[in-house]
Amino acid sequence: MLEMVNRWYKRRFSDPHAVSLVAILFFGFITIYFFGNLIAPLLVAIVLAYLLEWPVSQLSKLGMPRTVSVILVIVSFSSVMLLAVFGLVPTIWQQVGNLINDIPNMYTGLQQFIAELPEKYPELANFQIVESLVTNAKNQVITVGETVVKGSLASLVSLATLAVYLILVPLLVFFLLKDKQEMISMASGMLPRNRKLATKVWDEMNQQISNYIRGKVMEILIVGGVSYVTFAILDLRYSVLLAVAVGLSVLIPYIGAAAVTLPVAIVGLFQWGLAPEFYYLLVAYGIIQALDGNVLVPVLFSEAVNLHPVAIIVAVLVFGGLWGFWGVFFAIPLATLVKAVWNALPSQEPAEAET
């Protein structure tokens, strides 16, 4: 057993460049794991810098000074975001309030529906099961109410954090874009000299992360926009709120789509019952998810989709558990990074005499 482990170690880590690669990754893991909350504004700024690097580079190629390009892109991006926020937030807030007001009616309708189950389907339901379902539903409503109250109290802290982000993040994005080459050179000077494999992995992942962030933003906008148009045509209640939820659900591969299906189906069920409109909604929603998974995702993430779905789900669970939202957001790039690192490490078997 020890001999087998020793052979594996020599095969993978006999090269000093491989040792440097593992050391760099280990240091990065420790830094983000223990100090992730402290450097969260920096992480947000890095994501935005990756997103805005393409328009900045395109303007620079046209002859515009990089500093001017950075200022123009940041101002344009901030203006679009402000218009989107002030256009969407009031509507979403209003629909959230309407949904909270409708919860008692939904709960009453659920009780009535469950109470009628023994009469409609006596062979499938009995009084004890119905009573248990009603009790569980009541407990869930109480739990949701407590969560809303706690969230309201915590919102004051969130507002203070948001104010800090609104000041720090734009400044960090500006300097990350403006002084990109200087910062890369400074970081390179702090790394080990034997970093050939680390440079190879970085060159591969840098482009993939950039494409992934841009692709993910496009996927959110496309899926959310198509969902809103579909819900609006069907005259579904809370169409903006549900469309935003569907758009954001693509951040979590597979799991997000499954989770957001429940509120969409519940709202449709309480609005129409088992009428044809409800089935139209389910069919339309299913088509959106099918086109997203089988057409949009392969087009936007042609390299990332080479990962097996099981590997992606495991990456979401593992990295999401380690780093929360950022682990979920970067689950696919991190899984690709693990694959790239494993492929980059030496794997030559020592020469052995043939028997």
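Tutor: A crossing is right-handed if the near helix is turned clockwise from the far one by less than a right angle, and left-handed if anticlockwise. Helices here are DSSP runs (H or I, at least four residues), numbered from the N terminus. This is a predicted model: local features need pLDDT of at least 70, side-chain atom pairs count only at pLDDT 80 or more, and totals for chains, interfaces and linings use all residues. Residues are numbered from 1 along each chain as its sequence is written, and side-chain values use heavy atoms, without hydrogens or water.

Start with helix 8, residues 196-234. Its axis comes within 11 Å of the axis of helix 11, residues 276-300, and the two cross at roughly 160° (axes are lines fitted to C-alpha atoms over the stretch in contact; angles run from 0 to 180 degrees between N-to-C directions). Helix 8 is therefore roughly antiparallel to helix 11 (over 145 degrees). Their crossing is right-handed.

Now turn to helix 9, residues 239-249. The axes of helix 8 and helix 9 come within 8 Å and cross at roughly 150°. So these two helices are also roughly antiparallel. This crossing, too, is right-handed. From helix 8, Ile220, Tyr228 and Phe231 are among the residues that meet helix 9, whose own side includes Ser239, Val240 and Val246. The contact has 10 nonpolar, four polar and no charged residues.

Helix 9 is mostly covered, with eight of its 11 residues buried (under 20% relative accessible area, 1.4 Å probe, protein chains only). Among them are Leu241, Leu242 and Gly247. Ser239 counts as buried because its relative accessible area is 11%. Apart from neighbours within four places in sequence, Ser239 contacts Gln95, Tyr228, Phe231 and Ala232.

Phe231 turns up again in the largest nonpolar core (buried Ala, Val, Leu, Ile, Met, Phe, Trp, Tyr and Cys joined through side-chain atoms within 4.5 Å). Of its 65 residues, Leu177, Ile213 and Phe231 touch the most other members. Helix 8 gives this core its largest share, 10 residues.

Key:
Angles under 35 degrees count as roughly parallel, over 145 as roughly antiparallel, 65 to 115 as roughly perpendicular and the rest as oblique. Buried means under 20% relative accessible area, exposed over 50%, partly exposed in between (1.4 Å probe, protein chains only). Contact means heavy atoms within 4.5 Å. Ala, Val, Leu, Ile, Met, Phe, Trp, Tyr, Cys and Pro count as nonpolar, Asp, Glu, Lys and Arg as charged, and the others, Gly among them, as polar.
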